[in-house]
Amino acid sequence: MEQPGPDGGARTAHYRAAGVVLLVAHLVFVGWYALRPLDVPWVSAPNTTPFATVRADLALGFPGAVRPLAAGLGLLAPLGVLLPLVGGRVAVSAFASLCRTTLAAGVLAMLLEIAQTGVPGQTVDIDSVLLAIAGTATAHLLVVPAVRRRTRNRRGTPSAVPPPLRPEEEIPEYSQGCPGGLSQGSTPRIPRVGTAP
């Protein structure tokens with residue numbers, strides 16, 4: 001966990017607290033929406049074939065396909081922003097953050113699908129999991145890297161991976177911690193030795 005600066009510590013804590021509140025509210029809504037009993041005249045069979053439901057929705061044409069696909073993509077999409085906000089890390093690998101966030105969304109979507117087996121009117125659909133993962137990843141990619149970059153620039157925080165030192169760069173002399181505050185000189189360097197023939 002990063003140690004925020006003295007001026008940004010309170011602001012970071014407020015952002016994280018707001019993120020926790022929004023995350024809990026979103027999860028409560030998702031639980032209600034996905035696990036509420038439906039009073040329907042018939043229920044479709046469970047779908048375990050990837051993209052079968054997506055293809056069936058796309059076959060309906062433009063107006064009919066928008067609502068089910070948008071609902072599948074948007075249900076867990078806020079997690080793509082809320083989970084990194086709750087984490088509060090600014091200098092982190094973008095790929096690792098994306099993987100963690102989409103993995104969490106995938107696990108939650110799978111748990112919801114398993115829980116739906118006991119809810120009247122709800123059926124298991126593997127495409128719901130795939131759409132939830134795609135929506136979360138899209139929201140994460142559209143928002144989180146840009147916000148982190150902007151926050152790093154404003155704070156002057158270094159990036160997650162510092163650039164490597166070049167061999168010709170000198171190692172700085174540090175006087176902190178030395179007796180009397182005097183530097184003892186630069187660190188000795190061993191000259192490069194060629195390999196034996």
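Me: Which residues lie nearest the centre of the largest pocket?
Reply: The model is a predicted one. In this model, the lining of the largest pocket comprises 33 residues. Those that lie nearest its centre are Leu38, Gln122, Thr123, Asp125 and Ser128.

Me: Which helix gives the most residues to the lining of the largest pocket?
Reply: About 1000 Å³ of space lies in this pocket. Two or more lining residues come from each of H1, helix H2 (52-59), helix H3 (62-74), H5 and H6. The greatest contribution, 5 residues, is that of H3.

Me: How many of the residues lining the largest pocket are nonpolar, polar and charged?
Reply: The lining is made up of 33 residues. By class, these divide into 6 charged, 9 polar and 18 nonpolar.

Me: At what angle do H3 and H6 pack?
Reply: Two packed helices are described by the angle between their axes and by the distance between those axes. On the H3 side, Leu69, Gly72 and Leu73 meet Leu131, Ala132, Ala134 and Gly135 of H6. This contact has 5 nonpolar and 2 polar residues, and no charged ones. The axes of H3 and H6 are 6 Å apart, and the packing angle is about 65 degrees.

Me: Which residues have the most contacts inside the largest nonpolar core?
Reply: In soluble globular proteins, nonpolar side chains tend to be buried together. Here the largest nonpolar core has 13 residues. The elements giving two or more residues to this core are helix H1 (9-35), helix H4 (79-87), helix H5 (94-115) and helix H6 (126-155). Within the core, the most contacts belong to Leu23, Val30, Leu76, Leu79 and Ala109.

Me: Which residues does Leu23 touch, leaving aside those up to four places away in sequence?
Reply: Leu23 is among the core residues with the most contacts inside the core. Beyond its sequence neighbours up to four places away, Leu23 touches Leu79, Leu82, Leu83 and Val86.

Me: What share of contacts between residues at least 6 apart in sequence joins residues at least 24 apart?
Reply: The chain has 6 helices and 0 strands, following the pattern α-α-α-α-α-α. Of its 197 residues, 26% count as buried. Among the contacts in question, the share joining residues at least 24 apart is 75%.

Conventions. Residues are numbered from 1 along each chain as its sequence is written. This is a predicted model: local features need pLDDT of at least 70, side-chain atom pairs count only at pLDDT 80 or more; totals for chains, interfaces and linings use all residues. Side-chain values use heavy atoms; hydrogens and water are left out. A nonpolar core is a set of buried Ala, Val, Leu, Ile, Met, Phe, Trp, Tyr and Cys residues joined through side-chain atoms within 4.5 Å. Buried means under 20% relative accessible area, exposed over 50%, partly exposed in between (1.4 Å probe, protein chains only). Helices (H or I, at least four residues) and strands (E, at least two) are DSSP runs, numbered from the N terminus. Contact means heavy atoms within 4.5 Å. On a 1 Å grid over the protein atoms alone, a cavity is a set of points where a 1.4 Å probe fits but cannot get out, and a pocket is an open set with protein on both sides within 12 Å along at least five of seven lines; lining residues have an atom within 4 Å of a point. Grid points are joined across faces, edges and corners, and a volume is the space filled by probe spheres set on the points. Ala, Val, Leu, Ile, Met, Phe, Trp, Tyr, Cys and Pro count as nonpolar, Asp, Glu, Lys and Arg as charged, and the others, Gly among them, as polar. Axes are lines fitted to C-alpha atoms, for helices over the stretch in contact, and angles run from 0 to 180 degrees between N-to-C directions.
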